[in-house]
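Open the model in your viewer and keep the selection panel at hand.

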Amino acid sequence: MNIRPETPSDFAAIDMVHLSAFGQDEEARLVRKLRKAKAVQVSLVAEVASEIAGHILFSPVSAAVNPRKARLGGLAPLGVSSAYHGMGIGSSLMREGLAACEQMGIGAVFVLGDPGYYSRFGFTRADLAGFSCE
């Protein structure tokens, strides 16, 4: 598996990853909207045998209360094509994506998702860390 930044030639394959992962095109539309708004901090793909198997994207967010005065990012979406589930691709994308965010000076990342999955990557409830948002 190779993880790398997305390129324009990956866009159609990324749409297909999210369609396969989620069974709808809402996440693919979100990715296109964020690109169009130039609101992408980090966008990585996972290649397996020259095929795009997964994708992760981080975009800027703000918080009403930001006790660290940190630069903030939001994770959405993270998707892996159904044919590649269970191979650790999502976990690899998560680790690489968070490392890239840290290198960019992003001090906190937020996600709306399953606490059982995301807690293993260090995610906790934002309110417990003093952050709040509408």
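Which element supplies the largest share of the lining of the second largest pocket? Select strand E4, residues 71–80: with 5 residues, E4 supplies that largest share. Keep in mind throughout that this is a predicted model.

**Second largest pocket**

Stay with this pocket and show Phe22, Glu27, Pro77, Leu78 and Gly79, which lie nearest its centre among the 14 lining residues. The space here amounts to about 250 Å³. Besides E4, the elements H1, H2 and H4 each give at least two residues to the lining. Coloured by class, the lining of the second largest pocket shows 9 nonpolar, 3 polar and 2 charged residues.

**Largest pocket**

Next, select Val109, Phe110, Gly122, Phe123 and Thr124. These residues lie nearest the centre of the largest pocket, whose lining counts 25 residues. Its volume is about 550 Å³. To see which elements take part, select helix H3 (89–103), strand E5 (106–110) and helix H4 (115–118); each of them supplies at least two lining residues. E5 accounts for the largest share, 5 residues. By class, the lining of the largest pocket holds 16 nonpolar, 5 polar and 4 charged residues.

**Helices H1 and H2**

Two packed helices are described by the angle between their axes and the distance between the axes. Select H1 (residues 11–22) and H2 (residues 26–36): the angle is about 145°, and the axes lie 8 Å apart.

Now show side chains at the contact. On the H1 side, pick Phe11, Ile14, Asp15, His18 and Phe22; on the H2 side, pick Glu27, Ala28, Val31, Arg32 and Arg35. The residues of this contact divide into 5 nonpolar, 1 polar and 4 charged. Two of the contact residues, Phe22 and Glu27, were already on screen as residues nearest the centre of the second largest pocket.

**Salt bridges**

Side chains of opposite charge can pair when their charged atoms come close. How many salt bridges does the model contain? The count is 6.

Begin within the helix contact. Asp15 and Arg32 form a salt bridge, with an N to O distance of 2.9 Å. Asp15 belongs to helix H1 and Arg32 to helix H2, so this pair ties together parts that are 17 residues apart in sequence. Is Arg32 exposed or partly exposed? Arg32 has 35% relative accessibility and therefore counts as partly exposed.

Move to Asp25 and Arg29, whose side chains meet in a salt bridge at 3.3 Å, N to O. Asp25 is partly exposed, with a relative accessible area of 37%, and Arg29 is also partly exposed, at 36%.

Then select Arg125 and Asp127. Their side chains form a salt bridge with an N to O distance of 2.6 Å. Arg125 counts as exposed because its relative accessible area is 54% and the cut-off is over 50%. Asp127, at 44%, is partly exposed.

For the last stop, select Arg4, Asp10 and Glu47, which are linked in a network of salt bridges.

Conventions. Residues are numbered from 1 along each chain as its sequence is written. This is a predicted model: local features need pLDDT of at least 70, side-chain atom pairs count only at pLDDT 80 or more; totals for chains, interfaces and linings use all residues. Side-chain values use heavy atoms; hydrogens and water are left out. Axes are lines fitted to C-alpha atoms, for helices over the stretch in contact, and angles run from 0 to 180 degrees between N-to-C directions. Helices (H or I, at least four residues) and strands (E, at least two) are DSSP runs, numbered from the N terminus. Contact means heavy atoms within 4.5 Å. Ala, Val, Leu, Ile, Met, Phe, Trp, Tyr, Cys and Pro count as nonpolar, Asp, Glu, Lys and Arg as charged, and the others, Gly among them, as polar. On a 1 Å grid over the protein atoms alone, a cavity is a set of points where a 1.4 Å probe fits but cannot get out, and a pocket is an open set with protein on both sides within 12 Å along at least five of seven lines; lining residues have an atom within 4 Å of a point. Grid points are joined across faces, edges and corners, and a volume is the space filled by probe spheres set on the points. A salt bridge is a side-chain nitrogen of Lys or Arg within 4 Å of a carboxyl oxygen of Asp or Glu. Buried means under 20% relative accessible area, exposed over 50%, partly exposed in between (1.4 Å probe, protein chains only).
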